[in-house]
Each structure stands twice: as structure tokens, then as C-alpha cells.
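Good morning, and thank you for making time on the agenda.

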Amino acid sequence: MKFTLDHVVEESQDIFSFFFEPSQKLSFTAGQYIEMSLPHEHPDNRGVRRWFTISSSPTEPLVSITTRIIEKSSSFKKTLFGLEPGDEVSITGPMGDFVLPKFVQTPLIFVAGGIGITPFHSIMSWLNDTKETRPIRLIYGVRSEEEIIFNEAFDKADIHPTVVVENPSSAWGGERGRLSAELILGLAKPSEDSLIYVSGPEPMVETLEKDLKSSGINKDNLVLDFFPNYKEI
């Protein structure tokens, strides 16, 4: 399916949301992802295709992805950042089962590391738009306060995240450190029927999965979504 770039929003110093108008309505469930094809000259060894979680709600007319772009980004990311409104990309999907459970009463613990906040933004925006309520606790880890994004969506959905900052400034008054199983379980205190959703860079998700299981969390209570090629939050 063809998507046309509508506009770009700078969420933080190096995190940007790209808003596309689909050639036909894209039906998806909040939390799913797509694959984007972006042919360009002299691609590096990571190629011309990339998976992105949809950061917008299914209720919105435009479809957005949100990603970090830095000086050492891939040729794909640099080409993406160079797009102008009106430029087209090819997108397939949606895919994935990192979505809300069927039963609205299920207690949910959302754990996001850095750019892993994107599926939760889609989910919370959808909850706000549909006026559906869920018992959600959100724990959001970032490297610095400047990387905190989507505050407006949290407020609209009446979700108040616990933000954990790895390298905080002296003015930061919240949680400090890195996301860990001990920290998550200490903050959220899951019940037997709680589902713990973890989204973020692949190494982070793998470590938290292992440590949460070692702490007594059943694998059936974990829902995982990792971002390949991101080494840190």
C-alpha cells in the first residue's frame, strides 16, 4: 500500500514522528506494527526495509511512526528523514499481537524503554478516543528527561506514568536508574492475573524477560515487543 508523507513532528531532540496519509484506510489494532519499504541509492548493509510500530491510534485519519534519528543512523533512517511532504513510501501490514487483551478487567503493567513507548502511545490514544478504561500502570524508562515524549497522550488517557531516568539532571525528582525486574515488581506489585507488557530495545527486553521469569513471573503473564538494532533505551 502507498503512503504519502503529510508532515513530521519533532518529539524531542532526536525523536521524530512521521505522519502519512494512506492511499486507502489502514485497518489495524493499537499496538501493531508495519513494514516500510524505502528504496534509495547506496543503501548500507541494513537494506531498504524496516519494521516500525504504529504510534497513532486506529481512530486517526493519518498513520504515524515514531523513531530516533541520530548522526550515525542507517542509510534508511537518513533517507526517511530526508522525505518531503508529498513523497510516497510503500508499507505492508499491519502485523503483531502486542495488543490489549480481550477482557477489560485484566490488570495491565506497561513497561517501556525509550522508543518502546510507541505502541503504548497508540494504545492509550485509542483508549482515550473510544472512552474505554483499563486498569493500567505505566513504567517508562529513558536516558534523560529530554527523551520523555507523549506526555499529552498520557494526560488525555488519565494515565500517570512512573518515569525512570538513567542519567537524570540534579533537578529531577522522580525515579532514577535503569529498568530492572526488581524495580518493576517493586513499583507495580502484579497480581496472579496481571499481564506485564514490555517494549523497548531487544537487549533490554531479553534481559527483563529473563529476570522477570527468575523472579517468579509466569511466561504466560508476559507480552513482549522488542525493537531490533536499538542497543540502549
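I shall go through a sheet, a loop glycine, the aromatic pairs and a helix, in that order.

Please bear in mind throughout that this is a predicted model.

I begin with the sheet. Six strands make up an open sheet, and reading across it the order is β4-β3-β6-β1-β2-β5. The pairing in this sheet is antiparallel. At the edges lie β4, residues 49–53, and β5, residues 63–68, each of which pairs on one side only. From one strand to the next, the twist averages 40 degrees.

Let me now turn to β3, which covers residues 33–37. Which strands does β3 pair with, and over how many bridges? With β4 there are five bridges in the antiparallel sense. With β6, residues 88–95, the sense is again antiparallel, over four bridges. Individual positions can be followed on the screen. On the β4 side, M36 stands opposite R50, and S37 stands opposite R49. On the β6 side, the bridge partner of E35 is T92.

Between β3 and β4 runs a loop, and G47 is placed in it. Is G47 buried, exposed or partly exposed? Its relative accessibility is 21%, and G47 therefore counts as partly exposed; the cut-off for buried is under 20%. Setting aside neighbours within four places in sequence, G47 is in contact with H40 and F76. By way of a reference distance, the C-alpha atoms of G47 and E84 are separated by 21 Å, the two residues being 37 apart along the chain.

F76 leads me to the aromatic residues. The count of aromatic pairs comes to seven. One of them joins F52 and F76, whose ring centres are 6.0 Å apart and whose planes meet at 35 degrees, so this pair is tilted. F52 belongs to strand β4 and F76 to helix α1, residues 75–81; the pair thus links distant parts of the chain, 24 residues apart. Both partners are buried: F52 has a relative accessible area of 5%, and F76 is at 0%.

A further pair is that of F98 and Y197, with ring centres 5.2 Å apart and planes at 75 degrees, so the arrangement is edge-to-face. F98 lies in the loop between β6 and β7, and Y197 in strand β11, residues 195–201, so this pair ties together parts that are 99 residues apart in sequence. F98 is buried at 3% relative accessible area, and Y197 is likewise buried at 2%. These two residues, together with F110 and F120, form one aromatic cluster.

I return briefly to R50, the residue opposite M36. R50 lies over the face of F76, at 4.6 Å from the ring centre.

Finally, I come to helix α2, residues 118–130. Its 13 residues reach 19 Å from the first C-alpha to the last, close to the 18 Å expected at 1.5 Å a residue. Why can α2 be called largely enclosed by the rest of the structure? The reason is that ten of its 13 residues are buried. Among them are H121, S122, I123 and N128, and also F120, which I named as a member of the aromatic cluster. After α2 comes K131, which has a positive phi, near 65 degrees.

That concludes my presentation, and I thank you for your attention.

Note on methods:
Residues are numbered from 1 along each chain as its sequence is written. This is a predicted model: local features need pLDDT of at least 70, side-chain atom pairs count only at pLDDT 80 or more; totals for chains, interfaces and linings use all residues. Side-chain values use heavy atoms; hydrogens and water are left out. Two strands pair if DSSP finds at least two bridges between them. Helices (H or I, at least four residues) and strands (E, at least two) are DSSP runs, numbered from the N terminus. Axes are lines fitted to C-alpha atoms, for helices over the stretch in contact, and angles run from 0 to 180 degrees between N-to-C directions. The expected span of a helix is 1.5 Å times one less than its number of residues. Buried means under 20% relative accessible area, exposed over 50%, partly exposed in between (1.4 Å probe, protein chains only). Contact means heavy atoms within 4.5 Å. Rings of Phe, Tyr and Trp (its six-membered ring) pair if their centres lie within 6.5 Å; planes under 30 degrees apart count as stacked, over 60 as edge-to-face and the rest as tilted. A charge sits over a ring if NZ of Lys or CZ of Arg is within 6 Å of the ring centre and within 35 degrees of the ring normal.
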